[in-house]
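Student: Could you walk me through how the labels in this structure are assigned? I would like to see each value set against its cut-off.

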Amino acid sequence: SMQCFPSLVLALSSLLGALALLQLSLYLRVPSRYGKHEERLCRPRGRLPARCAWFLQELPSFLVPALLLALRSPPRLEPLGCRLLCCLFCWHYFYRTFIYPFFTRGRPFPLQLLFFGTLFCIYNGFLQGYYLIYCAEYPNDWCTDIRFTSGLFLFLLGMGINIHSDLLLRQLRKPGEVTYKIPQGGLFTYVSGANYFGEIVEWFGFAIATWSLPAFAFAFFTLCCIGPRAYHHHRYYLKTFTDYPKSRKALIPFVF
Ligand code: NDX
């Protein structure tokens, strides 16, 4: 049966950090090509409806840790913190897999990115789940530790912002529409990438709550993946809408 190999966790986390830096170098100048940044004429085919694409891509992030949690024998009953934290991760990806895709009004998603996205979700789902289920050790009073409580608070806050912002974006379109409008309300009042801001806060909260290398590596990856995207969204809006709110920032309210 499976057991904890600390060197495997270290290797996978380091590779995740390296992938984050690779992404930063790839997508700082040019955005990743999906959604509003896709050059549509280049690849008229090779796309999947947004619903299928997001469902398939995110499913492993839910399934892999959920299976690791369910199938571990003997079941991991102690400490409570490990199961709780693994459930938080699965909870987010339950939303992203089973709820978000069924409401999205996004454009068809490029197959090539879908392929890499799916690989990424398998990889990260395994790393986070494996670490929490087979490796993590927490004292029995971890649930009252300041790192756990403040991390959990940030996780829930970020998740709330992310889900609310996803909803506001969706409401900009009627079913079947694929045009872009100026997002309004919620944190969009302050930043162009309100959904991304929420997601980043969420994963840094998770990293603090788990106090683990894999989770910090993933938070850093998220920052490097969607941070630049928020910047490119912001530039797109400034270029496209002459009446775009001048005080709005790209990612971090009042700062950047
Ligand atoms: N999926 C995470 N890397 C990613 C897909 C892309 O969950 O090759 C990472 C995720 C993947 C990425 C994933 C991993 C790395 C990849 C990358 C592509 C390249 C990259 C594979 C897995 C890669 C290496 C080199 C390392 C291999 O038509 P539309 O789609 O634009 O419509 C949009 C709509 N909308 C508007 N509607 C009207 N008016 C407007 N002004 C609108 N603006 C937007 O709203 C969409 O339907 C919807 C949301 O759009 P957008 O662009 O704001 O968000 P999106 O990027 O689609 O993300 C959706 C949600 C969001 O909440 C975000 O926080 C979360 O997913 N997310 C996304 C990406 C990654 C991630 C979270 C994470 O890292 N945690």
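**Disulfide and burial labels**

Tutor: Let's start with the link of Cys4 and Cys135, which is right-handed, with 105° about the S-S bond. It ties distant parts of the chain, with Cys4 in the segment before H1 and Cys135 in helix H4 (residues 111–135), 131 residues apart; helices here are DSSP runs of H or I with at least four residues, and strands are E runs of at least two, numbered from the N terminus. This is a predicted model, where local features need pLDDT of at least 70 and side-chain atom pairs count only at pLDDT 80 or more, while totals for chains, interfaces and linings use all residues. Residues are numbered from 1 along each chain as its sequence is written, and side-chain values use heavy atoms, leaving out hydrogens and water.

Student: What makes Cys4 and Cys135 a disulfide?

Tutor: The S to S distance is 2.1 Å, and a disulfide is a pair of cysteine sulfur atoms within 2.5 Å, so the label applies.

Student: Why is Cys135 called buried?

Tutor: Its relative accessible area is 12%, and buried means under 20%, exposed over 50%, partly exposed in between (1.4 Å probe, protein chains only). Cys135 is therefore buried.

Student: How do you know that Cys87 is in no disulfide?

Tutor: The nearest cysteine sulfur, that of Cys86, is 6.2 Å away. Cys87 has a relative accessible area of 41%, so Cys87 is partly exposed.

Student: And why does Cys224 count as buried?

Tutor: Cys224 has 3% relative accessibility, so Cys224 counts as buried.
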